[in-house]
Amino acid sequence: MDFIKIGAEDFEGLMVLQTAYKAEIGEAAPTSAEFESLKEAIEKGQIHFYGCRCDNALVACCSICYTYSTFHYGKAGVFEDFYIQPKYRHQGIARKLVSFAYEQSGVGSLTVGCADCDLPMYQSLGFRIPLGNMLAFGE
């Protein structure tokens, strides 16, 4: 089990995980143009991905986008894209990956928006402070 910040050399593995993640949540697979946009955003530092390698393959990922929060008056992160291949679940990767991403990102807090059914999972991973409801505006 090796935890990493995902870079250009791991982008193909990230594409595999992103495709599986979207399928699991019932969304369409990312298009080539969307993957190109994601790659560009990673290169520009607009989004940061962290992952776990097992058996020489990327098997888990999450992302953090930086923001400023008055929750603690400092650098904060929005946590998304959390996915672990089914074969590697229930092995402690989730908790370790969240901790690794939090520590490596240097943020003072992480927020996550999730479906009601995922709330207990995120709470067990340390997301315990309720901040109301998160809603998205746009397409």
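The questions and answers below go through this structure topic by topic.

Biologist: What kind of model is this, and how are its residues numbered?

Modeller: This is a predicted model, in which local features need pLDDT of at least 70, side-chain atom pairs count only at pLDDT 80 or more, and totals for chains, interfaces and linings use all residues. Side-chain values use heavy atoms, with hydrogens and water left out, and residues are numbered from 1 along each chain as its sequence is written.

Biologist: How many disulfides does a search of the whole structure find?

Modeller: A disulfide is a pair of cysteine sulfur atoms within 2.5 Å. The sulfur of cysteine 54 is 3.9 Å from the closest cysteine sulfur, in cysteine 52, which is too far for a bond. Cysteine 61 is in no disulfide either, the nearest cysteine sulfur, that of cysteine 62, being 7.1 Å away. The number of disulfides found in the whole structure is zero.

Biologist: Is cysteine 61 buried or exposed?

Modeller: Buried means under 20% relative accessible area, exposed means over 50%, and partly exposed lies in between (1.4 Å probe, protein chains only). The relative accessibility of cysteine 61 is 0%, so this residue counts as buried.
For cysteine 61, the answer is buried.

Biologist: Which residues does phenylalanine 82 touch, not counting residues up to four places away in sequence?

Modeller: Contact means heavy atoms within 4.5 Å. Phenylalanine 82 is one of the residues that touch the most other members of the largest core. With residues up to four places away in sequence left out, phenylalanine 82 touches Tyr21, Cys61, Cys62, Ala94, Leu97, Val98, Met121, Tyr122 and Leu125.

Biologist: Which residues is glycine 51 in contact with, leaving aside its neighbours within four places in sequence?

Modeller: Glycine 51 is found in strand β2 and, at 0% relative accessibility, counts as buried. Its C-alpha atom is separated by 6.4 Å from that of cysteine 62, eleven residues apart along the chain. Beyond four places in sequence, glycine 51 is in contact with Asp2, Phe3, Ile4, Ile6, Leu58, Ala60, Cys61 and Leu97.

Biologist: How far apart are the closest N and O atoms of arginine 53 and aspartate 2?

Modeller: A salt bridge is a side-chain nitrogen of Lys or Arg within 4 Å of a carboxyl oxygen of Asp or Glu, and the count by this rule is five. Arginine 53 in strand β2 and aspartate 2 in strand β1 (residues 2–5) are 51 residues apart, and their pair links distant parts of the chain. Arginine 53 is partly exposed at 27%, as is aspartate 2 at 38%. The closest N and O atoms of this salt bridge are separated by 3.7 Å.

Biologist: Which residue in the loop between β1 and α1 pairs with arginine 53?

Modeller: The partner lies in the loop between β1 and α1 (11–24) while arginine 53 lies in strand β2, so the pair ties together parts that are 43 residues apart in sequence.

Biologist: Where does aspartate 81 lie?

Modeller: Phi of aspartate 81 is near 55°, a positive value in a residue other than glycine. At 12% relative accessibility, aspartate 81 counts as buried. Its place is in strand β4.

Biologist: Where does aspartate 55 lie?

Modeller: Aspartate 55 has a phi near 50°, which is positive in a residue other than glycine. At 61% relative accessibility, aspartate 55 counts as exposed. Its place is in the loop between β2 and β3.

Definitions and conventions. Core = buried A, V, L, I, M, F, W, Y, C linked by side-chain atoms within 4.5 Å. Helix = DSSP H or I, 4+ residues; strand = E, 2+ residues; numbered from the N terminus.
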